[in-house]
Amino acid sequence: MALTDALKAEFDELVTHYPERRAALIPALHRCQEELGGWLSPETIEAAAEYFELEPVEVYGVASFYPMFFLKPVGQHVVSVCRNISCDLRGSDEIMAAVCSKTGARPGGSSEDNRFYVEHVECQGGCANAPMMVVDGKYHEDLTPERATEILEGLS
Amino acid sequence: MSHPTYLMSRMEREDSHTLAGYEAQGGYKALRKILTDPIPPQSVIETVKDSGLRGRGGAGFPTGLKWSFMPDREKDPRTRYMAVNADESEPGTCKDRVIMREDPHGLVEGCLIAAWAMGLDAVYIYVRGEYRLPYDRVAAAIAEARAAGLVGQDILGSGFSCEIHMHKGAGAYICGEETGLMESLEGKRGHPRPKPPFPAGFGLWGQPTTVNNVETIFNVPFIMDRGAEWFRTMGTEKSPGNFLCGISGHVESPGVYEVPLGMPARQIMDEFAGGVWKGRELKAWIPGGSSTGFLKPDAIDTPMDHDSIKAAGSMFGTGAMIVLDETASVVRSALVLMNFYEHESCGQCSQCREGTQWLAQVFQRLHDGEGREEDLELLRGIANGMAPGKTICALSDAAAIPTHSVLRNFADEIEEYVREGGHEAVMKKRQALAGAAS
Ligand SMILES: Cc1cc2nc3c(=O)[nH]c(=O)nc-3n(C[C@H](O)[C@H](O)[C@H](O)COP(=O)(O)O)c2cc1C
């Protein structure tokens, strides 16, 4: 999608924080993903490339390196369950099982109604409150399978 | 268990993250002291050196010494930077997040003092993208500080100027490695750079740069306010001060606790974290984040400081303890970690790109019941091919070290997995034994 005027204005400010324009690319891609459909479509990548005076393939190369960027469409709510050591020791498998059964999605995919995208993620720094998951950017910690299910039920 | 604390001393207050809350508890006193009757930058660096403060990001490098590597401003007029490492992605590590969320002004003040000491033009705080609230708290603190004349041009009318910028990463362990961080901050893939050149000579945008961890910088205002000698009253001779110990896994009360360096790991586990959960026995523990390796229970009395943990065959790392109880499987935890390292390898060096993948595959087959006797030697061979010092950065070592630790300390469990036919079989057998015993 094309960049909105509001996004362009935001980026015009963002680039002033760095000696080189390109440095604002990753923060800008976050904003693109947030505002332009929840993922970085080829059109969005092209629009960002034009803004940053880069080749689309360079922007793609950056975007594809970082796990937080989606290069394919994802469901309306993004549910990320940590599977790293501290969470694994405290039952993250059961959290993932509860999330899958509630949403009907499999890790790395979206539910059929496209309401949920479910993924495994690596350590999120919630180790002392394991197990944990992140839903639409918000941390939910000290989970039980029941609590995880409730959180998903509470989403609009 | 009473010992002097400072790192978490302000966090009790509801408004600890605001300027008012911070100043009411002595905040910005150190900065004011330095700027009003100016303490020369060189003396600030000397004080940090004298304090013996060591980096809290994993390597334990002496902070004052690192700062002194920045070139002399008179001879090298280039723009100079500090990047604060808030990527916090080493599994088990969850402490910088607490600082940024509860006491962000402490970090801001630390940045300003570092900027004065090293003559920096600007500081970038690189925060992992997932840390939204910590990011917002630090950003708000910078804005408040700026409005109060503490950040920006002519700070407190002293003529000293420094900008602090926030920067959001996008999830990637490798961007915590200091040169990967710099590449990422420049808007590129987080591919670590070969060293030399070192960041102090060629860092961000090719300019002199220092990279320090959040907790390291957070210690600085305390040291400048209370003095190097005070700092040395805590911790050990070679590792002074307190540290934030994140302890996770199979303990009753996982958490982030402030403890003096040199406190025995058992004391931290028992007195702070309530001991191994469910009344169970300890099977294994990791002293300082996922890359420091698994130790046996016989090492649990080791003091948590750099030298002692090293002597016990591991590393202090980020001081993030992970506890495994008697029912846990080291093979499974190693598999979890190798999957992580495989996922996070940036792929530049073949030793790491292939090695992490092979390690993950071998642990996977052990887990799935397809392990072979030779797998012990195979794991050792792969890990030997990956480290030490064979790659651009230490991610390869971070996978090799825990692998060696499993071979050294838990080879019998690998053999058990081969013999019994994998994870499920091993777990079933253990449950049966536990049932028979009770
Ligand atoms: C793979 C890898 C990941 C790292 N991740 C982090 C991190 O998330 N945070 C951090 O402060 N240091 C991390 N480090 C260590 C940094 O390279 C660097 O040593 C540190 O930020 C220096 O700060 P200090 O001297 O204040 O400890 C990592 C190192 C490696 C090899």
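Which residues does Tyr117(A) touch, not counting residues up to four places away in sequence? In this predicted model, local features need pLDDT of at least 70 and side-chain atom pairs count only at pLDDT 80 or more, while totals for chains, interfaces and linings use all residues. Residues are numbered from 1 along each chain as its sequence is written, chains are lettered from A in the order in which they are written, and side-chain values use heavy atoms, with hydrogens and water left out.

Tyr117(A) lies in strand 3 (residues 116-121) of chain A; strands here are DSSP runs of E with at least two residues, helices are runs of H or I with at least four, and both are numbered from the N terminus. The residues that Tyr117(A) touches, with that sequence limit applied, are Phe70(A), Lys72(A), Val74(A), Gly75(A), His77(A), Val78(A), Val79(A), Gly108(A), Gly109(A) and Ser110(A), contact meaning heavy atoms within 4.5 Å. Pro73(A) is 44 residues away along the chain, and its C-alpha atom is separated from that of Tyr117(A) by 9.3 Å. With a relative accessible area of 7%, Tyr117(A) is buried (buried means under 20%, exposed over 50%, partly exposed in between; 1.4 Å probe, protein chains only).

We can turn next to the interface. The size of an interface is often given as the accessible area lost when the parts come together. Between chain B and chain A, the buried area is about 3,700 Å², and carbon and sulfur atoms give 57% of it; this area is what two parts lose in accessible area (1.4 Å probe) on being put together, summed over both. Contacts join 57 residues of chain B to 37 residues of chain A. The rule finds three salt bridges across this interface, each a side-chain nitrogen of Lys or Arg within 4 Å of a carboxyl oxygen of Asp or Glu. Glu141(A) and Arg97(B) meet through their side chains in a salt bridge, at 2.8 Å from N to O. Several elements of chain B each supply at least two residues of the side that touches chain A, among them helix 8 (178-185) and helix 13 (330-344). Helix 13 of chain B provides the largest share of that side, eight residues.

Helix 8 of chain B also holds Glu183(B). This residue is buried, its relative accessible area being 15%. Glu183(B) touches Lys188(B), Arg189(B), Gly190(B), His191(B) and Arg193(B), not counting residues up to four places away in sequence.

Finally, Phe69(B) sits in the loop between helix 4 (63-68) and strand 1 (81-86) of chain B. Phe69(B) is partly exposed, with a relative accessible area of 45%.
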